[in-house]
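Subject: Handover of a structure and notes on its features

Dear colleague,

Please find below the sequence and the structure that I am handing over to you. My notes on the model follow directly after it.

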Amino acid sequence: MIRSDEVIEELGTGDLRIIQKKKGFRFGTDAVILKDFAKGAVCSSMLDLCTGSGIIPILFSAENQCPEIHGIEIQPEIADMAKRSAELNRLDGRIKITCGDLREAERFYQKRYFDVITCNPPYIKAGAGAASNEGSRLIARHEIMCRLEDVIRVSAELLDQGGRLFMVHKPFRLADIFCLMRKYKIEPKRMKCVYSGDADNKISGPPSLVLVEGLYEGKSDLKVEEPVIL
């Protein structure tokens, strides 16, 4: 079930566990926050873009009754790890992991099929910022294999009318997110900022992350909700 460079870790939700690399690619807090942001959505079919280790589909399955959950990941080794995590939790009948390029998602999925799409995409534009030397981390953090526009364009093609896109990103990309969502007919409907806090739960510094929910072919009405304080 696991390889010599991997470890099985408890997720603290029921009996759920996940396979992770001992070194290299591992899921972060942003994925867990995104799952919490999306968990209440009513859906019969859900897709997680850039699924990585499959953490969002696995956690989502515990808190949402959605019967059909998919994830797509471009890196074969990481996608295989996500598949094995689904099998480990006996969720492989409900969670389906596809190894493929989300930019070619129509090869794998029908248009207008999904009620909910989630994505924790690469945050940093290619060529910007300090790049990691480790391949899977580099792909996860930098827009090498997909851009923000690819994520939003593909989501608009795959979401059914009234379907929802949930995304976590960096605040400095917020203008890009809103502009691209409207370009592809996904209306921003809900936003939360994520801050670090002190021992008294007081905000310390500017937001580190932003959560955005968009509605495909929705009407204009953006709600800014109470922040998440870590």
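Two strands are said to pair if DSSP finds at least two bridges between them. Helices (H or I, at least four residues) and strands (E, at least two) are DSSP runs, numbered from the N terminus.

The model is predicted: local features need pLDDT of at least 70, side-chain atom pairs count only at pLDDT 80 or more, and totals for chains, interfaces and linings use all residues. Residues are numbered from 1 along each chain as its sequence is written, and side-chain values use heavy atoms, with hydrogens and water left out.

**Strand β8 and its partners**

Strand β8 covers residues 186-195. Strand β9 (residues 209-216), by contrast, pairs with β8 in the antiparallel sense over eight bridges. In that pairing, Ile186 stands opposite Tyr216.

How many of the ten residues of β8 are buried? Ten of the ten are buried, so the strand is mostly covered; buried means under 20% relative accessible area, exposed over 50%, and partly exposed in between (1.4 Å probe, protein chains only).

**Helices α1 and α2**

Two packed helices are described by the angle between their axes and the distance between the axes. Helix α1 (residues 29-38) and helix α2 (residues 55-63) pack at about 35°, and their axes are 10 Å apart. Axes are lines fitted to C-alpha atoms, for helices over the stretch in contact, and angles run from 0 to 180 degrees between N-to-C directions. On the side of α1, the contact is made by Ala31, Val32, Leu34, Lys35, Asp36 and Ala38, and on the side of α2 by Ile55, Ile56, Leu59, Phe60 and Glu63. Contact means heavy atoms within 4.5 Å.

**Two buried loop residues**

Ala41 and Ser45 are both placed in the loop between α1 and β3 (46-49). Ala41 counts as buried because its relative accessible area is 11%. Leaving aside neighbours within four places in sequence, Ala41 is in contact with Asn64, Val116 and Phe166. Ala41 and Glu77 are 36 residues apart in sequence and 30 Å apart in space, C-alpha to C-alpha.

Why does Ser45 count as buried? Ser45 counts as buried because its relative accessibility is 3%. Not counting residues up to four places away in sequence, Ser45 touches Cys66, Glu68, Tyr113, Phe114, Asp115 and Val116. The side chain of Ser45 also reaches the backbone oxygen of Tyr113 at 2.8 Å.

**Two residues with positive phi**

Most residues other than glycine have a negative phi. Arg112, which is not a glycine, has a positive phi of about 60°. Arg112 lies in the loop between β5 (95-99) and β6 (114-119), and counts as partly exposed because its relative accessibility is 34%. Asn201 has a positive phi near 65° and lies in the loop between β8 and β9. Asn201 counts as partly exposed because its relative accessibility is 47%.

Yours sincerely,

A colleague

Key:
Polar contact = N/O pair within 3.5 Å; in protein donor to acceptor, adjacent residues only side chain to side chain.
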